[in-house]
Amino acid sequence: MELRQFNAQGIEAFKALIDEEREKVEPRKPALVAETFFSEVDAIANNPEMTIPISGDEEIDPTIKFNDRFHMGDYLSQVLPSDLSVVQHSNSGLWAWISAIYLRQLLERQKKGGRSKLWSSYRYIPGEYQKFRYYRHLAFMAFWLCRAFGEEVAKFFLSRPAHAHSDAMEQLYTQDRDFLASKGLMKAAVEMYIDPTTGTMKRNALGKATPGSARRLATKIAKQLQMNYDLHSMDKEEIYDLLPPEFDNWQSSTSAT
C-alpha cells in the first residue's frame, strides 16, 4: 500500500470520530467501540480526498500483525522515510494516518463483549508539542525509540502489547535519559527486567522502593557510576561487575533463564 498521510480534512474527520465516542464516557474511562467504528476510520484512511501521498516510493503493509509494540516500532523504523521533516512528531497527518490504518491493534480488545477500548485522541493524533503528552502517541514513540536509540533501548521501553502505554517511559524516559546512551547498560537492563518468556517487564521492575529496580538503576546508580567510569565504552558484563549487591537477585534471574 502506498504510504500516505491525512490532509487537514482527514485529521479533522478522524478526530471527530474519536471525540464522538469519547464524549459518551467520563474522561478517565475508555470509550468502547465496535467494528462499525473501525469501518468508519478505514473509510477515512482510504479516502483520496482526505489523504495525500508521501513523496517517494515507500510502501506500508496495513495487514501486518504486530507481536508487540517493539515489533511495531521496528517495522515502522524500517519502512518510513529517513527524512526527519516527514517523520517528526509534528507531522500530524502522517502519524494520525498510521494510527488509523493500525487502529484495531492500538486499542485493547475486551475479553468479553468483543469491543475495544478507545482512549484520548492524543494517543492516536499528535497535537501541538506538550512535554507530558507527545511521548504518549503509541505509534510515533514506538517508531522513534527504534529509529533514534536502537534495539536495546527500544526493547526496554516497548516490550508490551502494541496498544499499551509504557510505565517505564512515563517514569524513566521523561525524567532522565542519560542512561540510554550506554549500550552495555541497556543490554543489562533488558536482561534483568524483561521476562524472555512473556516479553514484558518483570514484576516490581519499576518499583520506587524495590532494591535493584530499573528506576534505581536509571535515576541513582547509573549517575553514581558515571562519575567514575565511562559507561558508554563498557559492555554488559563490565556493567554487571560494577553493580552493587542490591542487583544480585535481578542478575540471578537472568542466569536462571
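Student: Which residues does Phe179 touch, not counting residues up to four places away in sequence?

Tutor: Before we start, keep in mind that this is a predicted model. With residues up to four places away in sequence left out, what remains are contacts with Phe156, Phe157, Leu172, Leu185, Met186, Ala218, Ala222 and Gln226.

Student: Phe179 is one of the residues with the most contacts inside the largest nonpolar core. How many residues does that core have, and which helix gives the most to it?

Tutor: The largest nonpolar core has 85 residues. Among those with the most contacts inside it, you'll also find Phe14, Leu76 and Tyr124. Nonpolar side chains tend to be buried together in soluble globular proteins. Eight of the core's residues come from the helix that gives the most, residues 138–149, and that is H7.

Student: What is the order of the strands in the open sheet, and which strands stand at its edges?

Tutor: The open sheet has three strands with antiparallel pairing, in the order S2-S5-S4. Two of the strands have a single partner each, so one side of each is left without a neighbour in the sheet; these edge strands are S2 (31–33) and S4 (108–109).

Student: Which residue in S5 is the bridge partner of Leu32?

Tutor: S2 pairs with S5, residues 116–118, in the antiparallel sense, and the pairing runs over three bridges. In S5, the partner of Leu32 is Lys117.

Student: Which helix packs on the sheet, touching S2 and S5, and what angle does its direction make with that of S2?

Tutor: The helix is H1, made of residues 8–22. It touches both S2 and S5, and its direction makes an angle with that of S2 of about 115 degrees.

Student: Now the loops. Is Asn91 buried or exposed?

Tutor: Asn91 is found in the loop between helix H4 (84–87) and helix H5 (92–101). Leaving out residues up to four places away in sequence, Asn91 touches Gln5, Ser85 and Val86. Its relative accessible area is 14%, and the cut-off is under 20%, so Asn91 is buried.

Student: What about the loop between H2 and S3: how do Asn47 and Pro48 count, buried, partly exposed or exposed?

Tutor: Asn47 and Pro48 both have their place in that loop. At 22% relative accessibility, Asn47 counts as partly exposed. Pro48 has 62%, and the limit is over 50%, so Pro48 counts as exposed.

Student: One last thing: what is the phi of Asn204?

Tutor: Look in the loop between helix H10 (183–193) and helix H11 (214–226), where Asn204 lies. At 47% relative accessibility, Asn204 counts as partly exposed. Although Asn204 is not a glycine, its phi is positive, at about 65 degrees.

Note on methods:
Residues numbered from 1 in each chain as written. Predicted model: local features only at pLDDT ≥ 70, side-chain atom pairs only at ≥ 80, totals over all residues. Heavy atoms only, no water. Pairing = 2+ DSSP bridges. Helix = DSSP H or I, 4+ residues; strand = E, 2+ residues; numbered from the N terminus. Contact = heavy atoms within 4.5 Å. Axes fitted to C-alpha atoms, helices over the stretch in contact; angles between N-to-C directions. Core = buried A, V, L, I, M, F, W, Y, C linked by side-chain atoms within 4.5 Å. Buried < 20%, exposed > 50% of the residue type's maximum accessible area, 1.4 Å probe, protein only.
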